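Biologist: I am new to this one. Can you put it up and walk me through a few residues?

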Amino acid sequence: MKKNKTAMLLAGALIASSISLSPAYADQTSGETSSSAQESIAAALKMNFPDVVNTHWALRHITKLTLEGIVEGDENGNYRPEASISQQDVIIMAVRTLGLDSSMDSKAAYNLPLKVDAYAQAYVAAAIEHKLISVEEETDKASASKNWGSKTASREWVAKLTIRAIGQQETADNLATESPAYSDLKSISDWAKPYISAATVLGIVDGFEDNTFRPKGEVTRAQMATFLSRAEQHSKNLSPRVVRGYVNHISSDKISLFDEKGRTSTYKIKPETVFYGNKNDQAIEPAALAYTYQVSLVQQGGTAYYAEILKDEDRSEKVTGTLLHIKDRKMTMDNFEVYEIGSSALVLDAAGAESSLSSLVIGSKLELRRNSITGGKEYGQVVVKEIPVNKTSTGTVQTISGDSVAIVDAQTGKAETYTLSKSSTIVDADNRLVEKSAIRVGDSISYTVEASQITQLRIVKTQTGVSKTVQGKFSSLSSDKTGIFYRDEKDGYGAGNLAPNVQVIIDGVVSPSLYDLEEGDQLSMDIANDQIVKITVTNRSISSVLFATFIRFDSKYNRLDIQQADGTQNAYTISDNTIITFAGNSLPFKNYPGFGSLFTEGKKIDLKVSKNKVTAIQLSLDVSGVITQINTVTNEMSIRASNGQSFTFKMYSPQVEIPNKSGATIADLKIGDQVTAAIDYNQTGVTKVSVDSASLMRVQYVNSSQQVTAVNEQGSGSTFSLTNAKIVKSDGSAAVAADIQADDYLFVSFKGGVVIKAEIVSPARGQVTNVDPVNGNLTIQEPTGRIQMFTLGTDDVVKNGSSVISLNAIKAGDRVQVVSQSNGKVSVQLATAMTKTFSSYEYNVNQMEFGTEGSTERYNIHRSAYYHKGSETLSASSFNKGDSVKVYVVENKIVEMEK
């Protein structure tokens, strides 16, 4: 019976305290303040004290009350958390909690029946007036005290003040006949028992480990902050800075709440905003504030600086399915039900980024959410779980189950699972139709996915094999072009059947076919199912002819006559696919009608040729190579091009550009410099010399103007612009400056002071599974399970910190970071491994703190750090104080942390 009564009282208290969820909301308001006003507010806000360390057990509560303006520091700016608190200081905090301080006259003279210090008189007067304390009660108690206000507050007295301050006197009155269940009940004053019972029931106070309450014990300033902070969720009187509501959406820079009437309010989030849950006093990540969770914010000027979960109850109704149709905010899902979407509904992708209804793709897998709080029929959130995949790729079959095929994509190395469509086309390497049963685990395939279903699948190589690869010298094709004749490696005759779609690869030839094969070509032929599926010409190479003199072009026979720089004359054939480049544009010869007017007798031209065929041609406007001579007497410069040709040009007061050097002149150039020399219109002299260089850079910062600040492998910093640069990802696909983030690696190519290309290099990080120093092989397994093997050459670098080490210094089980550049260079960084005692996760500054009280150290966290316990993936907030962890650090940032 006693328990039932207590439960009923608690329920009544909770209902009473939740009648007013928040200050008044306005429909779709943001509560925003101007930028300058926000900056002033932020500068005036105090969030912490120098004597309250980040690991202090009451940090959460002190921070919260500080932001609310309830607690302040002393004259030295300290909080003194472990100091005992006086009764008059408790009164000050309680009066501020009620918001009564705004109407006080601090300069008025007070004739109080209780003796208090001058700074507290106005607060004590307000407390008496609003019945927080009774003069009769306090006079009896203070009879032996000379100064009532400076007397140290006891735990039972604080329980009374706290209950009254949050408007829960009625709860205490209802518990007047109940005795608090503490083993030292006899030590508790009779007048205090109802208040201690109420504070215990409401979760504001609790006893000690020995089940005592110690009512006469002193209360520290940290404990007082904790009492009031915990009590707030039951308070009927909230600070004007406090906002309560239910989470509508949270992103990296804002949080949106709604109340029981569906009215919303949005607040900005700053990097220093702190978040807490309702399970313990450890900081949490913002993503933990889920849709419909009840939360409380402390905000100023429209910016939330503190957020805590009051109830982590999912009060939403969810519908999942595939989108079939959408019109006028009405969605038809694959259950053929129609759902109405609210006019202010949020559309979110799987990562939580906002989108719009107009961006939804038919066939997407969606989750519709409707809160059960406001009672509305419309759905307030649309979460895109999966967008229909449309792609063509290659990969390896991992598993087959019914119509479901799991494929390891060759480009990403990740497993993807798709369903075979009912009308899918499955063929073997020879494009012959086969049944689904022909697909086997381990097969290499090419496939097309439409709307997340496989519509076409070709078995390129079965697990039992491309059967073999043969070498030979091309002789001829059969008359029907289904067979090929060649001389084998022993000069004997060989023949083979050609697959209908045989692939032909010839270096430098655009879209080659069987008709481009020439007698004497050295061939490498892949055979599958007794047919040749791929032919690679191995003895043809593209050579460059620079600064040749154009003699004539015979359009009837597409014959080009030129004279090389050494006087040798040659004749070449131009085909329809020969690439013509002029003024930065490249077109095939068949689409370039102005060829005859551009290339005229006497012009200097650059060619790329394969045997007697021209694959590319352009006017000679610059030359790239190594400086072999600078003669200031004759005013000449000699350059040896990459093809071995050497040229000497007059220097027409050329402009000189050197990366990261302003005001460069000819005197700054050196023999051996790799340069690009721009040639004048008459093609006789140098007008500009740009020193070419390329280096691997680690990004520190990228601004909105595409200015990048980065450090090179030697640790030197520089800032450069990507405005005119070609930006690509490591797979060669196009990218933009916005794709680059701090800690990314860029392989930057400079032409003088201008970046012409920046490649975003994605490092591989993981555990070493095998080291083969003899052959230079290093094999690692990434957290995703992907296994990669890297082969290191003599010029590749292995480092431990800043020290160069040998590959055999790395052992299986080590963690490494491997950067593989497009120029073939491989850089390996051995991670520093340390065993630490976890202290705290400092979300605001993205740091982990380790150690114990008095001896702590912090490390920055890499944005893609991997947290785990064995094979179980964790989050940054999964660690508890005192946990023993293994930490792996690369370039002063945590890349992996194991519990």
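Modeller: Serine 229 lies in helix α10; helices (H or I, at least four residues) and strands (E, at least two) are DSSP runs, numbered from the N terminus. This is a predicted model, where local features need pLDDT of at least 70, side-chain atom pairs count only at pLDDT 80 or more, and totals for chains, interfaces and linings use all residues. Residues are numbered from 1 along each chain as its sequence is written, and side-chain values use heavy atoms, with hydrogens and water left out.

Biologist: Is serine 229 buried or exposed?

Modeller: Serine 229 counts as buried because its relative accessibility is 4%. Buried means under 20% relative accessible area, exposed over 50%, partly exposed in between (1.4 Å probe, protein chains only).

Biologist: What is serine 229 in contact with?

Modeller: His61, Lys64 and Leu65, leaving aside neighbours within four places in sequence. Contact means heavy atoms within 4.5 Å.

Biologist: And methionine 93, what does that touch?

Modeller: Not counting residues up to four places away in sequence, methionine 93 touches Leu65, Ile70, Val71, Tyr79, Ile85, Met224, Ala225 and Leu228.

Biologist: Which residues touch the most other members of the largest nonpolar core?

Modeller: Ile91, Met93, Ile133, Trp157, Ile204 and Met224, in a core of 64 residues. A nonpolar core is a set of buried Ala, Val, Leu, Ile, Met, Phe, Trp, Tyr and Cys residues joined through side-chain atoms within 4.5 Å. α4 gives the most to this core, seven residues.

Biologist: New topic. Where is arginine 440?

Modeller: In the loop between β14 (415-427) and β15 (444-450). Arginine 440 touches Val397 and Ile400, with residues up to four places away in sequence not counted.
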